[in-house]
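Please examine the sequence and the model shown below.

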Amino acid sequence: MSTRDLGGVVVAAALPYRADDAAPAGLAVDYDAYAEHCRWLVENGCRGVGPNGSLGEYSSLTDDERRRVARTAIEAVGADGIVVVGVHAPGAHQARAWAEAAAEDGAHGVLCLPPTLYRANRGEVLAHFEAVASAGLPVMVYNNPLDTKVDLTPDLLAELAQIDNVVAVKEFSGDVRRVLEIRERAPGLAVIGGADDVVLESLLMGATGWFAGFPNVFPAESARLFELATAGKLEEARALYEPLVAAFRWDSRTEFVQAIKLGMDLVGRRGGPCRPPRGPLSDAHREQVRADMGRALAALGVA
């Protein structure tokens, strides 16, 4: 794989905090714990990490924290994997600035949503990604119509694929029918599975990567699932995947960050709390995550 290829299992790394009354919301980023987590993910078979995604709570960080989080991941992974930095922002000027910073800091690529906080039209979407791509790093555009209200449809992706440095799309619409259509309309654009609970279906239809959430909890097993799926070993892949899907479904729910962090806590990793606007899980949600995780852990022989 070349470093312009952003495929494989790249984990949207969750961010640990430590209590600190002087920090925003009383929670300071624990950079040492974050570095250890990034290394652990790569050591357990994942190709790389994605700092400053939604799961990394980028929108709750100060600018200084956000830059340092990216640098921490890049330094922690070193030559052992790739780092795809989230550069999501309200406007093209901010997103491009984050992409330029990522390039300066040694990232391998960037992940970028359409403009946040604003429902951009087609021309604005194209201009946004042209600006980000001008920073020079490979760009993975991120289609998350649930959160952004902007749908990067296959025909729009065909246009985006004409922009120099736009190399991949993280597809989070949940519609696996799109994988083949994107490949047909934009054959040079890599399709990356973005939703954990349809990842096997996406990989079987030709996705070449997984930009992942729950592999924060199960990195080795997730890397194995990717390996089986891309090798066409369907029976083995299904046997591994099916018991995990109940937990994976949380990746597509509003409380996905809290759920994945609780999953990390349940396997002895450092999950912990989130900064606002994310609050703690309700008792009912916490119970359900524990039940879904219990099924997964039992199937993996961990429980």
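At 37% relative accessibility, L180 counts as partly exposed, a class that lies between buried (under 20% relative accessible area) and exposed (over 50%), with a 1.4 Å probe and protein chains only. L180 belongs to helix α7, residues 177–185; helices (H or I, at least four residues) and strands (E, at least two) are DSSP runs numbered from the N terminus. Together with L204, M205 and L234, L180 makes a nonpolar surface patch of about 300 Å².

This is a predicted model, in which local features need pLDDT of at least 70 and side-chain atom pairs count only at pLDDT 80 or more, while totals for chains, interfaces and linings use all residues. Residues are numbered from 1 along each chain as its sequence is written, and side-chain values use heavy atoms, with hydrogens and water left out.

Eight strands form a closed barrel with parallel pairing, in the order β1-β4-β5-β6-β7-β8-β9-β10; two strands pair if DSSP finds at least two bridges between them. Within this barrel, β7 (residues 139–143) and β8 (residues 166–171) pair in the parallel sense over five bridges. N143 stands opposite E171 in β8.

Helix α2 comprises 15 residues, 63–77. Its span from first to last C-alpha is 22 Å, close to the 21 Å expected at 1.5 Å a residue, where the expected span is 1.5 Å times one less than the number of residues. Among the buried residues of α2 are V69, A73, I74 and V77. The buried residues of α2 pack against β3, α1, β4, β5 and α3, contact being heavy atoms within 4.5 Å. Just after α2, G78 adopts a positive phi of about 60°.

Notes:
Patch = residues over 30% accessible without salt bridge, like charges linked within 9 Å, V, L, I, M, F, W, Y side chains within 5 Å. Areas by Shrake-Rupley, 256 points an atom, 1.4 Å probe, with all protein chains shown as cover. Salt bridge = Lys/Arg side-chain N within 4 Å of Asp/Glu carboxyl O.
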